[in-house]
Structure formats: structure tokens, C-alpha cells
Amino acid sequence: MTVIEKAELIINEIKKERGNNPVRIFKNIVKKEFVNMHGPEHHILDGSCILVAYKNAGGNIDLEKALENLKNEGLRMPGAMCGLWGVCGAISSIGAALAIIDGTGPLSNDGSWGSHMEFTSNAIKELGLINGPRCCKRDAMIAFKNAVEYINTHYDVKLEYEKMTCEYSNINAQCIKERCPFYE
């Protein structure tokens with residue numbers, strides 16, 4: 001199955017989700033057979049969870065258009081960008097979701113450009129302190145934690161957050177075990 005086919009499946013499934021907790025939405029979708037333990041599908045999935053939770057919490061966005069835009073941005077992000085570029089795809093995906101919510105672009109001067117950079121740098125710093133190798137599930141949880149804090153501070157909606165307990169260490173050959181804040 002191609003990344004494009006996976007992206008379409010993610011978008012179709014995520015539209016069915018209810019609730020304002022992006023972690024729960026993530027946990028529902030990540031169980032699907034088309035979402036691998038690691039992979040560029042997270043570059044679409046993670047930001048989409050934020051968009052759906054934001055909309056479900058009362059956020060004013062055209063969800064269809066937002067998800068299509070996020071899918072297109074996520075498909076531009078290559079796999080393994082965490083190791084090869086030094087930027088996590090989960091965090092970049094959520095950064096793209098924030099840009100979609102705010103209508104931010106490279107020439108924006110309304111403050112959103114800088115605050116999105118602050119969000120991504122805070123989340124990337126937290127990942128840097130944990131260190132690698134990559135784990136798309138762990139990285140998503142760090143991204144969600146930072147995103148919920150950001151959204152609850154910057155918007156007139158409230159998202160729920162729950163700290164996930166890892167269910168993936170037994171299928172992640174590179175699990176860092178006790179160094180991971182979600183390992184149990």
C-alpha cells in the first residue's frame with residue numbers, strides 16, 4: 001500500500017472520530033492495519049488528530065478543507081526526516097495543523113508564525129532530551145502533549161489530554177524502554 005493510499009484511508013477514518021482528545025483519536029486510528037509502527041503516515045495522522053479534536057471542541061475550521069490541506073502537507077514530508085533532517089514529522093505535522101487553523105504562511109506577521117515556531121522548538125527540545133532512536137508513537141505523544149498545552153493557551157477551545165501508556169514496546173525493535181516517558 002502506498003503512502004498516498006494510507007493518507008486517504010487515514011483522512012476517511014479520522015472524519016468519523018468524535019471528542020476533543022487527540023490522544024484518544026490517535027489511539028483509535030493507529031490500531032488500523034494501514035498504520036505502521038513507524039512511517040510517514042504519522043506525518044498526516046498526527047496533525048489530523050489535532051484538527052479533528054480542535055473542530056470537535058468548537059474550533060472554527062472547515063474540517064474537510066483543513067484535512068485535505070494537512071494531507072497534502074504531510075505527503076510532502078519524507079520518511080525518516082527525524083534522523084535525516086533533525087525535525088520530527090509528528091511535530092511538523094502538528095505545526096502544519098496549527099498553520100492551517102491560523103491561516104499562517106511564510107509571510108505572516110500576525111504573531112502566529114513565531115508562536116508556531118515556539119511550539120515546534122519546545123516539542124523538538126523535549127524529544128532531543130529523550131534522544132533516539134526514533135519511535136513514531138513516543139514522538140506523537142510528546143507532540144500531542146505540547147500541542148494540547150499550546151492550543152489550550154492560544155485558542156478559545158479546550159482539548160483534553162491523557163498521558164498514554166505505551167502499548168507498542170513489544171513490537172518496536174528500537175524501543176528505548178525506561179528512557180521513554182510512556183514505557184511501562
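Trainee: How many Å does helix α8 reach from its first C-alpha to its last?

Mentor: This is a predicted model, in which local features need pLDDT of at least 70 and side-chain atom pairs count only at pLDDT 80 or more, while totals for chains, interfaces and linings use all residues. Residues are numbered from 1 along each chain as its sequence is written, and side-chain values use heavy atoms, with hydrogens and water left out. Helices (H or I, at least four residues) and strands (E, at least two) are DSSP runs numbered from the N terminus, and the expected span of a helix is 1.5 Å times one less than its number of residues. For the 19 residues of α8 (residues 136-154) the expected value is 27 Å, and the reach in the model, which is close to that, is 26 Å.

Trainee: How many of the residues of α8 are buried?

Mentor: A residue is buried when its relative accessible area is under 20%, exposed when it is over 50%, and partly exposed in between (1.4 Å probe, protein chains only). By that rule α8 is mostly covered, and of its 19 residues the number buried is 15.

Trainee: Is glycine 86 buried, partly exposed or exposed?

Mentor: Lysine 27 is 59 residues from glycine 86 in sequence, and their C-alpha atoms are 26 Å apart in space. Because its relative accessibility is 48%, glycine 86 counts as partly exposed.

Trainee: Why do the buried residues of α1 line one face of the helix?

Mentor: The buried residues of α1 (residues 3-14) are Lys6, Ala7, Ile10, Ile11, Glu13 and Ile14. The arc is taken from the directions that run from the helix axis to the C-beta atoms. Seen down the axis of α1, the buried residues line one face because they fall within an arc of 170°.

Trainee: Which helices are included in what covers the buried residues of α1?

Mentor: The 12 residues of α1 should span 16 Å at 1.5 Å a residue, and the end C-alpha atoms agree with this at 16 Å apart. The cover over its buried residues includes α2 (22-30), α3 (42-56) and α4 (63-76).

Trainee: Which element gives the largest share of the lining of the largest pocket?

Mentor: On a 1 Å grid over the protein atoms alone, a cavity is a set of points where a 1.4 Å probe fits but cannot get out, whereas a pocket is an open set with protein on both sides within 12 Å along at least five of seven lines, and lining residues have an atom within 4 Å of a point. The largest pocket has a volume of about 380 Å³, and among its 13 lining residues the closest to its centre are Gly95, Ala96, Ala99, His116 and Met117. Both α6 and α7 (112-130) supply at least two residues of this lining. The largest share, five residues, comes from α6.

Trainee: Which element gives the most to the lining of the second largest pocket?

Mentor: The second largest pocket holds about 250 Å³ of space, and of the 14 residues that line it, the closest to its centre are Cys82, Cys88, Leu127, Gly128 and Asp139. Two or more residues of this lining come from each of α5, α7 and α8. With three residues, the element that gives the most is α7.

Trainee: How much space lies in the largest cavity?

Mentor: Grid points are joined across faces, edges and corners, and a volume is the space filled by probe spheres set on the points. By this rule the model has one cavity of 30 Å³ or more, and the residues lining the largest cavity include Cys135, Met164, Phe182 and Tyr183. The space in the largest cavity is about 80 Å³.

Definitions and conventions. Contact means heavy atoms within 4.5 Å.
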